[in-house]
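Q: Could you walk me through reading aromatic pairs in a model like this one?

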Amino acid sequence: MQAARHVVCALSGGVDSAVAALLLRRRGYQVTGVFMKNWDLLDERGVCAADKDCEDAYRVCQILDLPFRQVSYVKEYWHDVFSDFLNEYEKGRTPNPDIICNKHIKFSCFFNYAVDNLGADAVATGHYARTSQEDEEVFRQKHIRRPEGLFRNRFEVRSAVKLLQAADSFKDQTFFLSQVSQDALRRTLFPLGGLTKAFVKKIAAENRLHHVLQKKESMGICFVGKRNFEDFILQYLQPRPGKFISIEDNKVLGTHKGWFLYTLGQRAKIGGLREPWYVVEKDSASGDVLVAPRTDHPALYRDLLRTGRVHWIAEEPPAALVRDKMMACHFRFRHQMALVRCVLQRGRVPGQREDPPPGAVRLHAPEGQEQVQSGHR
(Lines give C-alpha, C1' and ligand atoms only; values in the text may rest on other atoms or scores of the structure.)
Protein backbone atom coordinates (compact mmCIF):
# COMPACT_ATOMS: atom_id res chain seq x y z
CA MET A 1 0.00 0.00 0.00
CA GLN A 2 1.39 3.37 -1.03
CA ALA A 3 1.97 5.90 1.76
CA ALA A 4 -0.21 9.01 1.70
CA ARG A 5 1.24 11.94 -0.19
CA HIS A 6 2.58 14.61 2.15
CA VAL A 7 1.35 18.13 1.36
CA VAL A 8 2.53 21.14 3.38
CA CYS A 9 -0.12 23.85 3.31
CA ALA A 10 0.63 27.50 4.09
CA LEU A 11 -1.89 28.79 6.64
CA SER A 12 -2.42 32.54 7.02
CA GLY A 13 -5.12 32.42 9.69
CA GLY A 14 -7.76 33.28 7.07
CA VAL A 15 -10.66 31.37 5.57
CA ASP A 16 -9.09 30.62 2.18
CA SER A 17 -6.01 28.76 3.42
CA ALA A 18 -8.11 27.00 6.07
CA VAL A 19 -10.48 25.58 3.47
CA ALA A 20 -7.51 24.69 1.25
CA ALA A 21 -6.10 22.54 4.08
CA LEU A 22 -9.51 20.96 4.66
CA LEU A 23 -9.89 20.01 0.98
CA LEU A 24 -6.41 18.50 0.90
CA ARG A 25 -7.23 16.37 3.93
CA ARG A 26 -10.45 15.21 2.27
CA ARG A 27 -8.42 14.05 -0.73
CA GLY A 28 -6.59 11.68 1.59
CA TYR A 29 -3.27 13.49 1.76
CA GLN A 30 -1.08 13.76 4.83
CA VAL A 31 -1.33 17.51 5.51
CA THR A 32 0.88 19.73 7.66
CA GLY A 33 -0.10 23.34 8.29
CA VAL A 34 2.61 26.01 8.42
CA PHE A 35 2.18 29.62 9.52
CA MET A 36 4.74 32.14 8.26
CA LYS A 37 5.54 35.22 10.30
CA ASN A 38 6.94 37.78 7.89
CA TRP A 39 6.44 41.12 9.63
CA ASP A 40 6.29 42.40 13.21
CA LEU A 41 3.29 44.71 13.22
CA LEU A 42 1.82 46.19 16.39
CA ASP A 43 -1.58 47.85 16.43
CA GLU A 44 -2.57 50.87 18.52
CA ARG A 45 -2.94 48.66 21.60
CA GLY A 46 0.50 47.10 21.23
CA VAL A 47 -0.88 43.77 20.03
CA CYS A 48 0.96 41.97 17.23
CA ALA A 49 -1.50 41.15 14.43
CA ALA A 50 0.66 38.22 13.32
CA ASP A 51 0.27 36.57 16.72
CA LYS A 52 -3.54 36.60 16.39
CA ASP A 53 -3.30 35.17 12.86
CA CYS A 54 -0.96 32.47 14.12
CA GLU A 55 -3.45 31.51 16.85
CA ASP A 56 -6.22 31.28 14.25
CA ALA A 57 -4.03 29.11 12.00
CA TYR A 58 -3.18 26.83 14.94
CA ARG A 59 -6.87 26.49 15.77
CA VAL A 60 -7.56 25.45 12.17
CA CYS A 61 -5.05 22.64 12.58
CA GLN A 62 -6.68 21.59 15.85
CA ILE A 63 -10.11 21.43 14.24
CA LEU A 64 -8.81 19.50 11.23
CA ASP A 65 -6.44 17.35 13.35
CA LEU A 66 -3.33 18.41 11.46
CA PRO A 67 0.29 18.88 12.59
CA PHE A 68 1.17 22.58 12.94
CA ARG A 69 4.44 24.42 12.42
CA GLN A 70 5.41 28.08 12.69
CA VAL A 71 8.36 29.65 10.86
CA SER A 72 9.72 33.18 10.88
CA TYR A 73 10.94 34.91 7.75
CA VAL A 74 11.02 38.41 9.21
CA LYS A 75 14.69 38.88 8.32
CA GLU A 76 14.25 37.49 4.80
CA TYR A 77 11.13 39.61 4.25
CA TRP A 78 12.96 42.76 5.31
CA HIS A 79 15.89 42.05 3.02
CA ASP A 80 14.11 40.69 -0.06
CA VAL A 81 10.72 42.41 0.04
CA PHE A 82 10.69 45.54 2.17
CA SER A 83 14.13 46.86 1.18
CA ASP A 84 13.21 46.33 -2.46
CA PHE A 85 9.93 48.15 -1.79
CA LEU A 86 11.75 51.21 -0.43
CA ASN A 87 14.38 51.21 -3.18
CA GLU A 88 11.71 51.13 -5.87
CA TYR A 89 9.79 54.00 -4.27
CA GLU A 90 12.95 56.11 -4.16
CA LYS A 91 13.29 55.54 -7.91
CA GLY A 92 9.76 56.80 -8.49
CA ARG A 93 8.19 53.42 -9.19
CA THR A 94 5.35 51.70 -7.36
CA PRO A 95 6.26 48.07 -6.57
CA ASN A 96 3.77 45.43 -5.48
CA PRO A 97 5.16 43.79 -2.31
CA ASP A 98 2.67 40.90 -2.52
CA ILE A 99 4.17 39.79 -5.83
CA ILE A 100 7.72 40.01 -4.44
CA CYS A 101 6.67 38.22 -1.24
CA ASN A 102 5.26 35.31 -3.22
CA LYS A 103 8.45 35.13 -5.27
CA HIS A 104 11.01 35.28 -2.45
CA ILE A 105 9.16 34.16 0.68
CA LYS A 106 6.19 31.87 0.03
CA PHE A 107 7.49 30.13 -3.08
CA SER A 108 11.15 30.15 -2.17
CA CYS A 109 11.81 30.21 1.60
CA PHE A 110 8.61 28.38 2.53
CA PHE A 111 8.77 26.06 -0.48
CA ASN A 112 12.35 24.99 0.33
CA TYR A 113 11.51 24.57 4.02
CA ALA A 114 8.55 22.34 3.19
CA VAL A 115 10.53 20.16 0.78
CA ASP A 116 13.89 20.03 2.55
CA ASN A 117 12.87 20.14 6.22
CA LEU A 118 9.41 18.58 6.29
CA GLY A 119 9.81 16.16 3.40
CA ALA A 120 6.85 17.50 1.45
CA ASP A 121 5.81 15.85 -1.80
CA ALA A 122 4.07 19.12 -2.67
CA VAL A 123 3.11 22.47 -1.14
CA ALA A 124 -0.26 24.19 -1.22
CA THR A 125 -1.69 27.65 -0.61
CA GLY A 126 -5.12 29.25 -0.47
CA HIS A 127 -4.56 31.30 -3.62
CA TYR A 128 -7.31 31.41 -6.22
CA ALA A 129 -5.32 30.06 -9.17
CA ARG A 130 -4.79 26.89 -11.18
CA THR A 131 -1.96 25.19 -13.03
CA SER A 132 -1.87 22.96 -16.09
CA GLN A 133 -1.12 19.91 -13.90
CA GLU A 134 -3.40 17.43 -12.20
CA ASP A 135 -2.50 16.43 -8.62
CA GLU A 136 -0.77 13.18 -9.61
CA GLU A 137 1.38 15.05 -12.12
CA VAL A 138 2.48 17.38 -9.32
CA PHE A 139 3.54 14.44 -7.14
CA ARG A 140 5.59 12.94 -9.97
CA GLN A 141 7.73 16.06 -10.24
CA LYS A 142 11.27 16.03 -8.93
CA HIS A 143 12.83 19.10 -7.39
CA ILE A 144 15.75 19.70 -9.76
CA ARG A 145 17.37 23.11 -9.69
CA ARG A 146 17.94 24.32 -13.23
CA PRO A 147 20.93 26.36 -14.38
CA GLU A 148 20.51 30.12 -14.53
CA GLY A 149 20.47 31.92 -17.86
CA LEU A 150 18.20 33.47 -20.44
CA PHE A 151 17.44 30.19 -22.23
CA ARG A 152 17.57 27.92 -19.19
CA ASN A 153 14.36 26.06 -19.98
CA ARG A 154 14.54 26.09 -23.75
CA PHE A 155 14.82 22.27 -23.60
CA GLU A 156 11.98 21.86 -21.09
CA VAL A 157 9.18 23.44 -23.10
CA ARG A 158 7.17 20.21 -23.39
CA SER A 159 7.06 19.65 -19.63
CA ALA A 160 6.65 23.30 -18.60
CA VAL A 161 3.84 23.98 -16.13
CA LYS A 162 1.49 26.83 -16.95
CA LEU A 163 -0.14 29.18 -14.45
CA LEU A 164 -3.87 29.41 -15.23
CA GLN A 165 -6.58 31.77 -14.05
CA ALA A 166 -9.00 30.67 -11.33
CA ALA A 167 -12.63 29.75 -11.96
CA ASP A 168 -13.68 32.76 -9.88
CA SER A 169 -12.54 35.59 -12.16
CA PHE A 170 -13.15 38.24 -9.49
CA LYS A 171 -10.98 36.47 -6.91
CA ASP A 172 -8.33 35.26 -9.40
CA GLN A 173 -4.87 35.88 -7.88
CA THR A 174 -2.57 34.93 -10.75
CA PHE A 175 -1.50 38.59 -10.86
CA PHE A 176 0.20 38.11 -7.48
CA LEU A 177 1.74 34.79 -8.59
CA SER A 178 3.25 36.18 -11.79
CA GLN A 179 6.85 35.99 -10.49
CA VAL A 180 6.72 32.45 -9.09
CA SER A 181 9.44 30.18 -10.43
CA GLN A 182 8.77 27.17 -12.63
CA ASP A 183 10.51 24.96 -10.04
CA ALA A 184 8.05 25.91 -7.29
CA LEU A 185 5.01 25.91 -9.56
CA ARG A 186 5.75 22.32 -10.58
CA ARG A 187 5.14 21.10 -7.02
CA THR A 188 2.35 23.40 -5.90
CA LEU A 189 -1.35 22.64 -5.45
CA PHE A 190 -4.05 25.32 -5.48
CA PRO A 191 -7.12 23.57 -3.99
CA LEU A 192 -9.35 26.66 -4.42
CA GLY A 193 -8.60 27.18 -8.10
CA GLY A 194 -11.89 25.70 -9.29
CA LEU A 195 -14.10 27.23 -6.57
CA THR A 196 -15.87 30.53 -6.00
CA LYS A 197 -15.33 32.58 -2.86
CA ALA A 198 -18.98 32.08 -1.89
CA PHE A 199 -18.59 28.30 -2.04
CA VAL A 200 -15.37 28.45 -0.01
CA LYS A 201 -17.24 30.35 2.73
CA LYS A 202 -20.01 27.75 2.62
CA ILE A 203 -17.47 24.95 3.13
CA ALA A 204 -15.95 26.82 6.09
CA ALA A 205 -19.37 27.34 7.69
CA GLU A 206 -20.22 23.65 7.38
CA ASN A 207 -16.93 22.48 8.90
CA ARG A 208 -16.61 24.35 12.21
CA LEU A 209 -14.26 27.01 10.79
CA HIS A 210 -16.39 29.93 11.99
CA HIS A 211 -13.45 31.70 13.68
CA VAL A 212 -11.77 32.34 10.31
CA LEU A 213 -15.03 32.86 8.44
CA GLN A 214 -15.89 35.84 10.62
CA LYS A 215 -12.56 37.60 10.04
CA LYS A 216 -12.38 40.55 7.69
CA GLU A 217 -10.47 39.85 4.51
CA SER A 218 -6.96 41.30 4.60
CA MET A 219 -6.55 44.13 2.13
CA GLY A 220 -3.63 46.35 1.26
CA ILE A 221 0.01 46.06 2.25
CA CYS A 222 0.59 43.92 5.35
CA PHE A 223 3.36 46.04 6.86
CA VAL A 224 1.33 49.25 6.63
CA GLY A 225 -1.79 47.95 8.36
CA LYS A 226 -4.33 50.60 9.34
CA ARG A 227 -1.80 53.42 9.36
CA ASN A 228 -1.63 56.30 6.90
CA PHE A 229 0.54 55.16 4.00
CA GLU A 230 2.33 58.51 3.55
CA ASP A 231 3.18 58.74 7.24
CA PHE A 232 4.50 55.18 7.18
CA ILE A 233 6.76 55.66 4.16
CA LEU A 234 8.19 58.90 5.52
CA GLN A 235 9.44 56.98 8.55
CA TYR A 236 11.94 55.31 6.20
CA LEU A 237 12.48 57.81 3.37
CA GLN A 238 13.49 61.45 3.70
CA PRO A 239 10.75 63.96 2.76
CA ARG A 240 11.40 65.83 -0.49
CA PRO A 241 8.90 68.72 -0.60
CA GLY A 242 7.72 69.84 -4.00
CA LYS A 243 4.78 71.38 -5.87
CA PHE A 244 1.72 70.10 -7.67
CA ILE A 245 1.69 71.80 -11.08
CA SER A 246 -1.15 71.82 -13.59
CA ILE A 247 -0.12 70.33 -16.90
CA GLU A 248 -2.55 72.67 -18.66
CA ASP A 249 -1.27 76.10 -17.58
CA ASN A 250 1.75 75.41 -15.29
CA LYS A 251 -0.15 76.87 -12.36
CA VAL A 252 0.96 75.76 -8.87
CA LEU A 253 -2.02 74.02 -7.24
CA GLY A 254 -0.47 72.92 -3.96
CA THR A 255 2.50 71.25 -2.28
CA HIS A 256 3.47 67.71 -1.29
CA LYS A 257 6.09 65.96 0.89
CA GLY A 258 7.74 63.86 -1.80
CA TRP A 259 7.26 63.10 -5.50
CA PHE A 260 8.05 59.44 -4.84
CA LEU A 261 4.85 59.12 -2.79
CA TYR A 262 2.73 59.29 -5.93
CA THR A 263 1.95 56.79 -8.66
CA LEU A 264 1.28 57.82 -12.23
CA GLY A 265 -2.46 57.82 -12.76
CA GLN A 266 -3.47 58.03 -9.10
CA ARG A 267 -5.57 60.83 -7.65
CA ALA A 268 -3.47 63.58 -6.11
CA LYS A 269 -4.79 64.80 -2.78
CA ILE A 270 -4.56 68.56 -3.19
CA GLY A 271 -6.20 70.64 -0.48
CA GLY A 272 -8.70 73.34 -1.40
CA LEU A 273 -9.68 71.96 -4.81
CA ARG A 274 -13.19 70.73 -5.55
CA GLU A 275 -12.49 68.66 -8.62
CA PRO A 276 -10.12 65.68 -8.58
CA TRP A 277 -6.68 65.91 -10.22
CA TYR A 278 -4.52 62.98 -11.29
CA VAL A 279 -0.77 62.42 -11.52
CA VAL A 280 0.64 62.63 -15.06
CA GLU A 281 4.41 62.96 -14.56
CA LYS A 282 6.96 63.21 -11.73
CA ASP A 283 10.10 65.32 -11.99
CA SER A 284 12.73 63.85 -9.68
CA ALA A 285 15.12 66.77 -10.27
CA SER A 286 12.74 69.58 -9.28
CA GLY A 287 10.49 67.48 -7.07
CA ASP A 288 7.40 68.69 -8.94
CA VAL A 289 4.40 66.47 -9.65
CA LEU A 290 2.49 67.32 -12.82
CA VAL A 291 -1.26 66.76 -12.57
CA ALA A 292 -4.27 66.85 -14.88
CA PRO A 293 -8.02 67.23 -14.18
CA ARG A 294 -10.47 64.40 -14.87
CA THR A 295 -9.81 60.73 -15.46
CA ASP A 296 -10.32 61.12 -19.20
CA HIS A 297 -7.60 63.75 -19.72
CA PRO A 298 -5.45 62.79 -22.77
CA ALA A 299 -2.22 63.31 -20.79
CA LEU A 300 -3.12 60.35 -18.57
CA TYR A 301 -3.07 57.86 -21.44
CA ARG A 302 -0.27 55.99 -23.18
CA ASP A 303 -0.17 53.27 -25.80
CA LEU A 304 3.42 52.21 -25.10
CA LEU A 305 5.50 51.04 -22.15
CA ARG A 306 8.97 49.52 -21.86
CA THR A 307 9.82 46.86 -19.32
CA GLY A 308 12.91 45.69 -17.55
CA ARG A 309 13.72 41.98 -17.74
CA VAL A 310 10.56 39.90 -18.06
CA HIS A 311 9.83 36.83 -15.92
CA TRP A 312 8.45 34.11 -18.18
CA ILE A 313 6.60 31.38 -16.30
CA ALA A 314 6.43 28.52 -18.79
CA GLU A 315 8.88 29.23 -21.61
CA GLU A 316 11.69 31.77 -21.55
CA PRO A 317 11.37 33.54 -23.86
CA PRO A 318 8.36 32.27 -25.87
CA ALA A 319 9.30 30.71 -29.22
CA ALA A 320 6.94 33.05 -31.11
CA LEU A 321 8.66 36.12 -29.65
CA VAL A 322 12.10 34.74 -30.50
CA ARG A 323 11.06 33.88 -34.03
CA ASP A 324 8.97 36.93 -34.98
CA LYS A 325 10.39 39.55 -32.56
CA MET A 326 6.80 40.33 -31.59
CA MET A 327 3.86 38.50 -30.05
CA ALA A 328 0.19 39.27 -29.40
CA CYS A 329 -1.00 38.77 -25.83
CA HIS A 330 -3.00 40.35 -23.01
CA PHE A 331 -1.83 42.26 -19.94
CA ARG A 332 -2.92 43.92 -16.72
CA PHE A 333 -0.91 46.11 -14.36
CA ARG A 334 -3.33 45.97 -11.43
CA HIS A 335 -5.17 43.16 -9.65
CA GLN A 336 -8.79 42.76 -10.88
CA MET A 337 -8.14 45.07 -13.82
CA ALA A 338 -9.63 43.72 -17.05
CA LEU A 339 -7.15 42.03 -19.37
CA VAL A 340 -6.22 44.26 -22.31
CA ARG A 341 -4.93 43.25 -25.73
CA CYS A 342 -1.35 44.28 -26.50
CA VAL A 343 1.67 43.44 -28.64
CA LEU A 344 5.10 42.55 -27.23
CA GLN A 345 8.18 43.52 -29.21
CA ARG A 346 11.81 42.58 -28.54
CA GLY A 347 14.92 44.60 -29.32
CA ARG A 348 15.50 48.31 -29.80
CA VAL A 349 12.40 50.39 -30.53
CA PRO A 350 12.16 53.54 -32.69
CA GLY A 351 13.65 56.55 -30.91
CA GLN A 352 15.57 54.43 -28.41
CA ARG A 353 19.27 55.28 -28.50
CA GLU A 354 20.60 52.44 -26.36
CA ASP A 355 19.97 48.73 -26.48
CA PRO A 356 17.34 47.59 -23.94
CA PRO A 357 18.35 45.45 -20.95
CA PRO A 358 18.61 41.69 -21.62
CA GLY A 359 15.15 40.16 -21.64
CA ALA A 360 13.33 43.52 -21.87
CA VAL A 361 10.34 43.99 -24.15
CA ARG A 362 8.24 46.81 -25.52
CA LEU A 363 4.51 46.57 -24.91
CA HIS A 364 2.11 48.61 -27.03
CA ALA A 365 -1.61 48.70 -27.66
CA PRO A 366 -3.18 47.81 -31.00
CA GLU A 367 -3.99 50.82 -33.17
CA GLY A 368 -6.92 52.83 -31.89
CA GLN A 369 -6.76 51.41 -28.37
CA GLU A 370 -5.44 53.52 -25.51
CA GLN A 371 -4.07 52.36 -22.18
CA VAL A 372 -4.10 54.18 -18.87
CA GLN A 373 -0.54 55.07 -17.92
CA SER A 374 0.78 53.40 -14.80
CA GLY A 375 3.85 53.74 -12.64
CA HIS A 376 3.54 50.19 -11.33
CA ARG A 377 6.44 47.85 -11.85
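**Aromatic pairs and burial**

A: At 4% relative accessibility, Phe107 counts as buried (under 20% relative accessible area; exposed is over 50%, partly exposed in between; 1.4 Å probe, protein chains only). This is a predicted model, where local features need pLDDT of at least 70, side-chain atom pairs count only at pLDDT 80 or more, and totals for chains, interfaces and linings use all residues. Residues are numbered from 1 along each chain as its sequence is written, and side-chain values use heavy atoms, leaving out hydrogens and water.

Q: How many aromatic pairs does a search of the whole structure find?

A: Rings of Phe, Tyr and Trp (its six-membered ring) pair if their centres lie within 6.5 Å; planes under 30 degrees apart are stacked, over 60 edge-to-face, and the rest tilted. Here the search finds 19 such pairs. One of them, Phe85 with Tyr89, is tilted, at 4.9 Å centre to centre and 55° between the planes.

Q: Where do Phe85 and Tyr89 sit?

A: Helices (H or I, at least four residues) and strands (E, at least two) are DSSP runs, numbered from the N terminus. Phe85 and Tyr89 are four residues apart in helix α3 (residues 74–90), so about one helical turn separates them. Phe85 is buried at 1% relative accessibility, and Tyr89 is buried at 5%.

Q: What about the rings of Phe107 and Phe190?

A: Their centres are 6.4 Å apart and their planes at 50°, so the Phe107–Phe190 pair is tilted. Phe107 lies in helix α4 (residues 97–117) and Phe190 in the loop between β7 (188–189) and α7 (197–205), so the pair ties together parts 83 residues apart in sequence.
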